[in-house]
Amino acid sequence: MSSLAQRVGEQGEPAPVLPRLLDGAPGAPVSLAAHLERHGPLPEIARDHGQETLLRELEASGLTGRGGAGFPAATKLRAVARGHAPVVVANGTEGEPASAKDKTLIACNPHLVVDGAVAAAYAVGSREAILAVGRADRRSQARLEHALGERAHLHEPVELRVVAAPDRFVSGEESALVHWLNGGPAKPTTRPPRSFERGVRGRPTLVQNVETLANIALIARRGAAWFRTAGTAAEPGTALVTVRGAVRAPGVAEVELGPPLRDVLHRFGGLTSLPRALLVGGYFGTWIDAREALELPLTEAALGAHGAALGARTIVVLPQDRCGLVETARVARYLAAESAGQCGSCLFGLAAIAAAVQSIATGAADAPHAHERLHRLAAQVAGRGACAHPTGATRFVESALRVFADEAARHLRGRCCTESRRPLLPAPTGGPREWR
Amino acid sequence: MGSLTAAPVWYLMRGSGVVTLLLLTAVVMLGVATTSRWRPGRLPRFVTLGLHRSISLLAVVFLAVHIVAALADPYAQVRVLQVVLPLPLGPYPLWLGLGALSLDFLVAVIVTSLLRHRLGRRTWKSVHWLAYASWPLAFAHGLGMGSDARTAWFLALASASLAAVVLAAAWRLLGSRREHDKYLGAPLESGGTA
Amino acid sequence: MANVLRVDPIACDGYGQCAELLPELIDLDEWGYPIVSGTSLRPELEPAARRAVTMCPRLALTVVDVR
């Protein structure tokens, strides 16, 4: 059954599954009037009884977080709802440079995101929702501020405000964002306590990705059964995915999970050429050889069986004329520079790993030793930080060594494998290096 | 002053005071050595910290003797309250008052250190900086009190102690500016893990 | 009830005293930071573990009860 095709509605007419979230266009966001016309008003969820109903719908829907961790949303909301005077934080910071899905969602459909924050606030009993975006992301700030202006007359019982967090890679991490909101640097903190126990101003805090919240806004109106008409039974709903590289129409699209990657890439205009490999899951993701990757179903389960994950829902298609090792080396340097510098094994380990990958990518004199060194380093670095940064970066580098073993051998013999040196993976190093 | 030979309790007070100052000098140096990860030869690092703690407790013992002797000495005329509070009483109100302040800070440092795990690192650390206030006050107290402060041996000891603490404090202040947030130690002889 | 050693990597500043006091369970990586074994604390190692926890200048080492 092609889940990308249309489904048959009650009257026997085809009812399109998509789009759910990506209404409107980045240049022409959905206005409040249009939004209310399409979806109707957000039901005012009364306390206690209404809360429990919504939480149960979320549980039944099987909605999982779309921010990278994939944690069941209902479980998170329930944990926060248990606390006193909780706070909701909508995470639209999108620190992953290759990913653009959150920015696109906010640009196209800001009211759905705000609805989601409000619905989540109802569900956990909060009267305060903070919408966090990246400092350089002026468009998202503007869209959300404008949307709040449009909604002012609704007099929603939730206080809403937009904040602009530092643009560091780790600043979107849950505890880092909370740390910054509490007046500290946007660096991860030691857990326990977790944010759902003690977060913003010491209160139970729900930090949820904007795409997840947008889904909550829809489930609050239409219920769990409707939500499950998309996607698979195990992984219901739609997913916003960013695709870059050797496709005809790179960008962001809303897809259903389930079909193999080859079919998903059709939504992006299809492949321009036969690729060398795919990077699945962003910079904490894994490289997979193209022949394997294209046949893999885009689901957490299928990717997991291959040692990969959806992660930041970003896929980069590496063409044959680019060198995967050179790309990896550049990103490894970036990830090392983006360490918060709080944990010795991350700060020093990622720098050493980046240097070793650089040796291999350039075929330097110490390249033969660099391989063995990398494996030793990886064992010392992964899992020993306060957050996932060193673990994710290590996994990314190790996958590159596996997939690009042939290139590494050729580099050792002094032969570069590709013609193009144009960078593919973005590694922004020119921006402000601030943490506050 | 009456007799030509001073009472034994005066010698005890003076002697234990000097020893306390020397021990506290060692404590400050060992504290700075710990922070700078100084290793005495092939000895393990915990020796430095262990000595810092042990000698500070030894200093407290000598300090207690010093205070009791001072209270017992009829010529010193120290009121009990003056041990902890600077008061305008007796023949040496200023120098005694400095000693009282020094004691207050030292007690705060030691008590918070003993309760470190319960207070948390930030509280403990902020109070610990008072040690750099306590030592100069103790030093001034030692110089200002008593008639043997002009003797050669005392001045020699005092100068040496002052020099040691000034050097240690300078080392601490200069060393605290590091390239990284984190400390990168010297590579170990016996390597890391496989 | 099982006691396990845990190091807070943010508080830890690579003093290395823990590895000297408890080499059976704590090793140091090449930058001087502790690699703590996650295995349960054997009763005969408890005194050394308590000492390592007390002596850490950054209060980074703790013993936690994992069930």
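Mentor: Chain B of this predicted model has seven helices and zero strands. Its elements run α-α-α-α-α-α-α from the N terminus on. Of the 194 residues in chain B, 27% are buried. Among the contacts in chain B between residues at least 6 apart in sequence, 61% join residues at least 24 apart.

The domain assignment divides chain A into domain 1 (24–227), domain 2 (238–319) and domain 3 (324–412). The centres of domain 2 and domain 3 of chain A, taken over C-alpha atoms, are 23 Å apart. Ten residues of domain 2 of chain A and twelve residues of domain 3 of chain A take part in their contact. On the side of domain 2 that touches domain 3, β9 (275–280) and β10 (286–289) of chain A each contribute at least two residues, and β10(A) gives the largest share, four residues. That side of domain 2 consists of six nonpolar, two polar and two charged residues.

Now the sheet itself. It is open and has four strands in the order β5-β4-β3-β6 of chain A, with parallel pairing. Its edges are β5 (159–165) and β6 (205–209) of chain A, each of which pairs on one side only. On average, and with direction ignored, neighbouring strands are turned by 20° against each other. Strand β3 (residues 87–92) of chain A is joined to β6(A) by five bridges; A:Val89, for instance, has A:Val207 in β6(A) as its bridge partner. Helix α6 (residues 138–151) of chain A packs on this sheet and touches β3, β4 (128–134) and β5 of chain A. The direction of α6(A) makes about 170° with that of β5(A).

A:Glu94, in the loop between β3 and α4 (101–108) of chain A, has a positive phi near 45°. A:Glu94 counts as buried because 26 C-beta neighbours lie inside 10 Å, where the cut-off is 20 or more. A:His155 also has a positive phi, near 50°, and sits in the loop between α6 and β5 of chain A. Is A:His155 buried or exposed? With 6 C-beta neighbours inside 10 Å, A:His155 counts as exposed.

The loop between α7 (174–181) and β6 of chain A holds A:Pro192 and A:Pro193. The peptide bond from A:Arg191 to A:Pro192 is cis, with omega near 10°. The bond joining A:Pro192 and A:Pro193 is cis as well, with omega about 5°.

Leaving aside residues up to four places away in sequence, A:Leu278 touches several residues, including A:Leu261, A:Ile288, A:Ile315 and A:Val317.

How values were computed:
Residues numbered from 1 in each chain as written. Chains lettered and ligands numbered in written order. Predicted model: local features only at pLDDT ≥ 70, side-chain atom pairs only at ≥ 80, totals over all residues. Domains from an automatic or database assignment. Contact = placed C-beta atoms within 7 Å. Nonpolar A, V, L, I, M, F, W, Y, C, P; charged D, E, K, R; others polar. Pairing = 2+ DSSP bridges. Axes fitted to C-alpha atoms, helices over the stretch in contact; angles between N-to-C directions. Buried ≥ 20, exposed ≤ 12 C-beta atoms within 10 Å, placed from the backbone.
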